[in-house]
Amino acid sequence: MSGGNMLSERRQFPRKQVSHSTSISSAQTQNILGECFLTNVSESGFAIESDCIFNIGQKIFIKINILSDVIVLTGEVVRTDKGFFDPLYGVKICETESVNLETFRSYIRHQLN
């Protein structure tokens, strides 16, 4: 349990719990790899549960519709853990490869206040 506390203390940005299902794609080929369940988000990353198997360092992307904008978050898998149903993956957002990232961050900041 103390490992989770240490991780929380290292986080620069607070997490927002969410429940959103979307497809997950390969950043290299743009091919859809399967479905995922977005469990939390922050300005710097997100967590997903998926029955797809990913490796640390692998790049993936997901699309999220927020209001009238389509957000494309490209990220690098930085950790794996046991999720509720499927494996849980912690993903760090790749800023230069994401689309509408500032809109996403503004939405997150607004929702956390």
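These legends walk through a few close-up views of a predicted model. Residues are numbered from 1 along each chain as its sequence is written, and side-chain values use heavy atoms, with hydrogens and water left out. Because the model is predicted, local features need pLDDT of at least 70 and side-chain atom pairs count only at pLDDT 80 or more, while totals for chains, interfaces and linings use all residues.

**View 1. The largest nonpolar core.** This core has 21 residues, and I24, F46, I48, I62, I64, L73 and F104 touch the most other members. (A nonpolar core is a set of buried Ala, Val, Leu, Ile, Met, Phe, Trp, Tyr and Cys residues joined through side-chain atoms within 4.5 Å; buried means under 20% relative accessible area, exposed over 50%, partly exposed in between, with a 1.4 Å probe and protein chains only.) At least two residues each come from strands 2, 3, 4, 5 and 6 and from helix 2, and strand 4 gives the most, with four. (Helices, H or I of at least four residues, and strands, E of at least two, are DSSP runs numbered from the N terminus.) Look around I64 and you'll find contacts (heavy atoms within 4.5 Å) with H20, L38, D69, V70, I71, L73 and F104, leaving aside residues up to four places away in sequence.

**View 2. Two aromatic pairs.** Rings of Phe, Tyr and Trp (its six-membered ring) pair if their centres lie within 6.5 Å; planes under 30 degrees apart count as stacked, over 60 as edge-to-face and the rest as tilted. That rule gives two pairs here. F54 and Y89 have ring centres 5.2 Å apart and planes at 80 degrees, so they sit edge-to-face. F54 is in the loop between strand 3 and strand 4 and Y89 is in strand 6, so this pair ties together parts 35 residues apart in sequence. Both F54 and Y89 are buried. F84 and F85 also make an edge-to-face pair, with centres 4.7 Å apart and planes at 85 degrees, but F84 and F85 are exposed.

View 3. E49 lies in strand 3.
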